[in-house]
Amino acid sequence: MVDYQEYLAFIYSALESLNKKQVTLSEDTELVGDIGLSSLEVMEFIEKIEDHFDISIPLNILPDVSTIGELAKKIHQLNL
Amino acid sequence: MLFDKFQAMADFRAELAEQGVAPFGAVTEEILSATEGIVQGRKVILAGTNNYLGLSYDSRCIAKAQEAAQRWGTGTTGSRVANGSFEGHQALEDEIAEFYGVDHAIAFSTGYAATMGMCATLAGPGDVILLDADSHSSIYSGVKLSGADIIRFKHSNPDDLAKRLRRLGDRAGQALIIAEGIYSMLGDVAPLQEIAAIKREYGSYLLVDEAHSMGVLGESGRGAAQAAGVESDVDFTAGTFSKSLGSVGGFCVSPHAELEHIRFCINAYIFTASSSPSVIASTREALRIISSEPERREQLWRNSHQLYDGLKSLGLKVGPSASPVVAVEFEDHANTIACWQGLMDQGVYVNLVVPPASPSTNFLLRNSVSAAHSPQQIDEIIAAYASLKDRGLLTSAEHGEG
């Protein structure tokens, strides 16, 4: 069973190449608001997480997610 | 501010206005035939419609519409579940079901309502929908309304679909897979044989939107599933009357008797007025014509090959194979707009497509072919592109490998 910290760690590493503004990443960092991910980049980023953990992340959870911490928490809840 | 989110659109429109170009909602001032009209004061070849079989201007369809308007009036003023079910609506449903060789059909007031309504209703909270990433806006709107878990698979990628179904475990057997026949922007055909095989393996359900493939593909024009020989795997076929059939409206057909119950749960069917009697009458006549005149489909494909081969030979970046939709992809956005206007100036109207309607960040010039185009008109369209190339408007970025 993957725990919250593992999801969080992978999210940080997956964001490295997308973090063009070199924002300091934390659980409170906003994916779109702070890092500036485009909708296409969000989908690529989500796919990286899906393939790494061999899970599916439904699109319908995304409107409730704005920060890195919220995403890690949501994925963790979905895959308990 | 409430309006802040529209600023990007306001900026884009201002940019177009500055260039003196008005590609969106260009007003057709007069229709001269199925393939010619007056737009922006000039006579143009209409190469940006969905009038694949040229039936929007067929005299038999027009006559049926006129008769129906005389007999039944201009509108029904009500929903299908209230006062808006006339004899013609029922007859059209019977005829579209018969056309598809199934027992159940629903006629909707628009194609958008058909796909959105079906996608919003078939699956609900707790269910799973797997949809192609390049699905039409009506499908995205519908699945969002459904409350189901929504999972995208890579465009026309059966391996990715299979991977995502595997991840679902036991839920895969109740999942609804959604694909289209021909994709509207690039004109590519879905790999339905492979998708149907995966559907069978997992015991899922399959909805195919044949909006752009009905009347275009398949031995009797039923679409991509018929062409692929997998119609028995399709649980729900959605489509539109506004393309090959030249009118307006949409449908869903199914071999499942449950469609008759589902009908009364679809908000997009219940809470809207039914189609006008004239629309129903012309649609029924067009359906009769596409069944009895397969030569229209043959002409459409001859024309499609002529345009595709012509644009490809100019070295333009077109899709992988010929189709009634031939899109030229552009990376340079300003250049696309200049080319759109350049075609208009030469009497050729095509569609300018920008994200999110285009499947990537590229702009598109979307050309669509009709069976009613003459070979000379297709040559004129190709010559207009050649002229853009001669003027240096088509840069190397728009050139494919050819």
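A word on conventions comes before the details. Residues count from 1 along each chain as its sequence is written, chains are lettered from A and ligands numbered from 1 in the order in which they are written, and side-chain values rest on heavy atoms, with hydrogens and water left out. As the model is a predicted one, local features need pLDDT of at least 70 and side-chain atom pairs count only at pLDDT 80 or more, while totals for chains, interfaces and linings use all residues.

Among the partners of β10(B) is strand β4 of chain B (residues 104-108), paired in the antiparallel sense over 5 bridges; two strands pair if DSSP finds at least two bridges between them. Within that pairing, B:Ala107 has B:Phe251 as its bridge partner. Strand β9 of chain B (residues 236-240) also pairs with β10(B) in the antiparallel sense, over 4 bridges, and here B:Thr237 stands opposite B:Val253.

Chain B also holds an open sheet of 4 strands, in the order β1-β2-β3-β12 and with mixed pairing. Its edges are β1 (28-31) and β12 (348-349), each of which pairs on one side only. Further in, β2 (residues 36-39) and β3 (residues 42-46) of chain B run antiparallel over 4 bridges, with B:Ile38 opposite B:Lys43. Elsewhere in chain B, B:Leu130 sits in strand β5 (residues 128-132) and is buried, at a relative accessible area of 0%. The C-alpha atom of B:Leu130 is 8.2 Å from that of B:Arg164, although the two residues are 34 apart along the chain.

Next come the charged pairs. Over all chains the structure holds 25 salt bridges, each defined as a side-chain nitrogen of Lys or Arg within 4 Å of a carboxyl oxygen of Asp or Glu. One of them joins B:Lys154 to A:Glu47, with the closest N and O atoms 3.0 Å apart. That pair crosses between chains, from the loop between β6 (149-153) and α6 (158-168) of chain B to helix α2 of chain A. Both ends are partly exposed, B:Lys154 at 35% relative accessible area and A:Glu47 at 22%. Another salt bridge ties B:Lys163 to B:Asp160 at 3.4 Å between the closest N and O atoms; both residues lie in helix α6 of chain B, 3 residues apart, about one turn of the helix. B:Asp160 is buried, with 4% relative accessibility.

The salt bridge between B:Lys317 and B:Glu331 (4.0 Å, N to O) links distant parts of the chain, 14 residues apart: B:Lys317 is in the loop between α12 (295-313) and β11 (325-330) of chain B, and B:Glu331 in the loop between β11 and α13 (333-345). B:Lys317 is partly exposed at 26%, as is B:Glu331 at 47%. Salt bridges with shared partners also build one network out of A:Glu50, A:Asp51, A:Asp54, B:Asp160, B:Lys163, B:Arg164, B:Arg166 and B:Arg167.

Most residues other than glycine have a negative phi, and most peptide bonds are trans. A:Gln22, not a glycine, has a positive phi of about 55°; this residue lies in the loop between α1 and α2 of chain A and is exposed at 64%. B:Thr77 likewise has a positive phi, of about 60°, without being a glycine. The place of B:Thr77 is the loop between α2 (59-72) and α3 (87-100) of chain B, where B:Thr77 is exposed at 74%. A:Asp28 lies in the loop between α1 (4-15) and α2 (39-53) of chain A and is exposed at 63%.

Notes: Helix = DSSP H or I, 4+ residues; strand = E, 2+ residues; numbered from the N terminus. Buried < 20%, exposed > 50% of the residue type's maximum accessible area, 1.4 Å probe, protein only.
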